[in-house]
Amino acid sequence: MQYIPNILFVIALLAGIGFFSNNIRKIIRNIRLGRDINRSDNKSERFKNMAMIALGQSKMVRRPIAGILHVIVYVGFIIINIEVLEIIIDGIAGTHRIFSFLGGFYDFLIASFEILAFLVLVGVIIFWTRRNISKIRRFWANEMEGWPKNDANIILYFEVVLMVLFLTMNAADLQLQNLGAEHYVKAGSFPISSFITPLFDGMSMSSLIILERTAWWLHILGILIFLNYLYFSKHLHILLAFPNTYFANLKPKGQFKNLDAVTQEVKLMMDPSADPFAAAPETEGEEGEPEKFGAADVTDLNWVQLLNAYTCTECGRCTSECPANITGKKLSPRKIMMDTRDRLEEVGKNIDKNGSFVADEKRLLNDYITPEELWACTSCNACVEACPIGIDPLSIIIDMRQYLVMEESAAPSDLNVMMSNVENNGAPWPFNQMDRMNWSQEK
């Protein structure tokens, strides 16, 4: 009978890790649906980016209040969960505070965890207040209605509950240590939970043990539940921010990529030895089909863009900096990323159901993102610069624009006129090349 708690703990641990691993495999599979792109260059620069942006939170603190609070919650939540290692070992082996042999260092660790837990609680309460009472505009945009808004609050509630359980567990443990309860060795320093222990005065030892064990079980089960909640949540960025910043585009932000097929055609045109009547060689995609220009659906995007979509924190910094959005246009870079992720999840569920993707007569273009949104973009890169973890909504917008222009001939009329003028006159204006300098003769 004494081994039943250990067995139950191992079952819960294996189930939690197993479910999490299965969901991570789905994410990796979905990301790999994107086109291949080489981001293996400049490894030192990429590691520097990851260290500065993902680990060092260098772009978060550009907005000091939110940035500093985020750093506290981030560092606190990660470091506090180092204690999870001790909880796992205790749960499997049936021990209690197995690292207590570390003596003074263990006391320092527990004290640090408690202070950080308290700071996390303060930070989360301020975040909740900013989001729900102050109602900061970027948290109340149209794309944040429904699940995105609820998801953000659920994460905050999760963190509050986990921190309260952690401090309650320690407070009950401290009281049991003071009472000399068997199995509760004197270990640890409790600068925060010591203020909670007076609430337990008068409780019997058996009641305190039940309280401590309940808080202990709920804390570890809560962590396992939260781990698996990440898959359904914007909070997935705490894992994906690291690969996302590593694989970010290192080229200058104003530099756009050239389509290989168009480049080959231009080279052919400029080659004096080329046969002018020869057809340009077709580039083929999967299954021998001609390669598309641009992107109409998530499988036309590259895998880094799909990684970006899963990594999006929905913080809205990109949208709050977007000049098109500020001036009332329909475009929201945050919505572009959220729509891409939603469509990718839909494609993934289609594959889960059918074994392979079965055409569903839907696509990212029009069904999720409208041409009106795409053409509102000024391609200024403000959204890319503002993102705290290196996400690039502009690359998706440009790829989808390319599809509209080169596959569907669906550019706005003004743009079509401009392109016709460039083709016919060598300039955006409707003047013959011979008349281009006539203005200089005017008096």
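Okay, ground rules. What we have is a predicted model, where local features need pLDDT of at least 70 and side-chain atom pairs count only at pLDDT 80 or more, while totals for chains, interfaces and linings use all residues. Residues are numbered from 1 along each chain as its sequence is written, and side-chain values use heavy atoms, with hydrogens and water left out.

Let's do helix packing to begin with. Two packed helices are described by the angle between their axes and the distance between the axes. The axes here are lines fitted to C-alpha atoms, for helices over the stretch in contact, with angles from 0 to 180 degrees between N-to-C directions. The helices themselves are DSSP runs (H or I, at least four residues; strands are E, at least two), numbered from the N terminus.

Start with H1 and H7, the latter being residues 205-229. Their axes come within 8 Å and cross at roughly 15°. The two helices are therefore roughly parallel to each other; for the angle classes, under 35 degrees is roughly parallel, over 145 roughly antiparallel, 65 to 115 roughly perpendicular, and the rest oblique. H1 passes H7 in a left-handed crossing, meaning that the near helix is turned anticlockwise from the far one by less than a right angle, with clockwise being right-handed.

Who is touching whom? On the H1 side you have Pro5, Leu8, Phe9, Ala12, Leu13, Gly16, Phe19, Phe20 and Asn23, and they meet Trp216, Trp217, Ile220, Leu221, Leu224, Leu227 and Asn228 in H7. Contact means heavy atoms within 4.5 Å. Sorted by class, that makes 13 nonpolar, three polar and no charged residues. In this scheme Ala, Val, Leu, Ile, Met, Phe, Trp, Tyr, Cys and Pro are nonpolar, Asp, Glu, Lys and Arg are charged, and the others, Gly among them, are polar.

H1, residues 4-31, also packs on H4, residues 83-93, with axes that come within 7 Å and cross at roughly 135°. That makes H1 oblique to H4. Asn6, Phe9, Val10 and Leu13 of H1 are in contact with Ile87, Ile88, Gly91, Ile92 and Ala93 of H4. The tally for this one is seven nonpolar, two polar and no charged.

From H8 we get His237, Leu240, Ala241, Pro243 and Asn244, and from H10 Leu307, Asn308, Tyr310 and Thr311. That contact divides into five nonpolar, four polar and no charged residues.

Now some single residues. Trp147 is partly exposed at 45% relative accessible area, whereas Pro148 is buried at 12%. The cut-offs are under 20% for buried, over 50% for exposed, and partly exposed in between, with a 1.4 Å probe and protein chains only. Leaving aside neighbours within four places in sequence, Trp147 is in contact with Ile154, Tyr229 and Phe232, and Pro148 with Glu143, Glu314 and Met338.

Next, the loop between H17 (393-406) and H18 (413-425). Glu408 sits there, partly exposed at 33%. Not counting residues up to four places away in sequence, Glu408 touches Arg363, Leu365 and Tyr403. In the loop you also find Ser409, which is exposed at 59% and has a phi near 50°, a positive value in a residue other than glycine.

Where else does a positive phi turn up? Lys135 has one near 50°.

Last stop, Thr327, in the loop between H12 (323-326) and H13 (333-354). Is Thr327 buried or exposed? Exposed, at 53% relative accessibility. A polar atom of the Thr327 side chain lies 2.8 Å from the backbone oxygen of Pro323, and the backbone oxygen of Ala324 lies 3.0 Å from a polar atom of that side chain.

Technical notes. A polar contact is a pair of N or O atoms within 3.5 Å; within protein, one must be able to donate a hydrogen and the other to accept it, and residues adjacent in sequence count only if both atoms are side-chain atoms.
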